[in-house]
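Please look over the sequence and the three-dimensional model shown here before reading on. The briefing then takes up a few local features, grouped by topic.

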Amino acid sequence: MITTVTLNAAIDKTYYVNSFRIGEVQRVGRQIAEPGGKGNNVAKVIRLLGGDVTASGIVAGSSGSFIEENLKERGIETSFVRVPGESRVCLNILEESNRKSTELLEAGPEINGIHIAEMKEVVHRLALRSTVVVLSGSLPPGAPADLYVELIHVIRSTQARVYLDTSGAALSSGLLACPHFVKPNEQELAQWMGRERWGDADWVEAAEKLAGVGIEQVCVTLGSRGAIAFIGGEGYLVSPPLIKAVNTVGCGDSFVAGMAFADDRGDTPAERLRIAAAAAAANAMSDKAGHVDYSLFQAYMEQVKVITL
């Protein structure tokens, strides 16, 4: 089984309008509301791929109830810690005339030491019956910057493998605890390296350096250009299918989901990367984050190329 942990869960709401005019009253043509937060997106995709997954993390209020119930309806087991307040709403206003989007992201409920202690207990219990535990997304208000470090140590005390997908200070500190898998994108890796100008060879060098700190699986996602990975000391170049993306939100989460799903099955590194890239491409063809059409995923599996460096 796989466990996902979303410490700042959200309702991802998309408003579709013909054009967005600031300062005017406008009618929404249609809307989508999804249980969100990066870890929840990972859980949704794992379930669509056929995996067994439990979604955990922190939720609050009626928005938290929506998140939890909606995940359960999809066949995803849940084990969330409830805190006072209201889970956040992440609003995306999408202009259909030009495909431009405007995002409004709430902060989420504030947590304290009591909530963190309870979260550690839940994560430990779930890790004992999981092969992979995925820690994804931003930290909520009130959380210490090294909270992921603490959770990685909790998970490493069991037999489960730890996946970490976050950014900024949470990523920098989390790397020190040596999770089994990380997936920085171009901007996150450049920030970690402290460099601004990059060539293609630099991404390979940076990924190899990150693997050298003791992380077994390093995947650097490069958007439509694919990914560079170092797994078990071997380097790989991943070329994705050629598509015209509908929506890129959630593609990174879908990549993580594919890796975790394949890792749970015991697939080879090359097969893990092929599944991950196909899941990300399938997500890009959906207007929902954390959603893949399985038949499309299977078709893309045949188009992904994984080359050993």
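Predicted model: local features only at pLDDT ≥ 70, side-chain atom pairs only at ≥ 80, totals over all residues.

**Nonpolar surface patch**
- Leu237, Ile307 and Leu309 form a nonpolar patch on the surface, and together they contribute about 250 Å² of accessible area.

**Helix α1**
- Helix α1 spans residues 38-49, and its 12 residues extend 17 Å from the first C-alpha to the last, close to the 16 Å expected at 1.5 Å a residue.
- Most of α1 is covered, with 9 of its 12 residues buried; among them are Gly39, Asn40, Asn41, Val42 and Ala43, and the buried set also includes Lys44, Val45, Ile46 and Leu49.
- After α1 comes Gly50, which has a positive phi near 105°.

- Asn283 is located in helix α9, residues 269-284, and is classed as buried because its relative accessibility is 0%, where buried means under 20%.
- The side chain of Asn283 makes a polar contact with the side chain of Ser254 at 3.2 Å.
- Leaving aside residues up to four places away in sequence, Asn283 touches Asn247, Val249, Gly250, Cys251 and Ser254, and also Lys288, Ala289, Gly290, His291 and Val292.

Conventions
Residues numbered from 1 in each chain as written. Heavy atoms only, no water. Patch = residues over 30% accessible without salt bridge, like charges linked within 9 Å, V, L, I, M, F, W, Y side chains within 5 Å. Areas by Shrake-Rupley, 256 points an atom, 1.4 Å probe, with all protein chains shown as cover. Salt bridge = Lys/Arg side-chain N within 4 Å of Asp/Glu carboxyl O. Helix = DSSP H or I, 4+ residues; strand = E, 2+ residues; numbered from the N terminus. Expected span 1.5 Å × (residues − 1). Buried < 20%, exposed > 50% of the residue type's maximum accessible area, 1.4 Å probe, protein only. Polar contact = N/O pair within 3.5 Å; in protein donor to acceptor, adjacent residues only side chain to side chain. Contact = heavy atoms within 4.5 Å.
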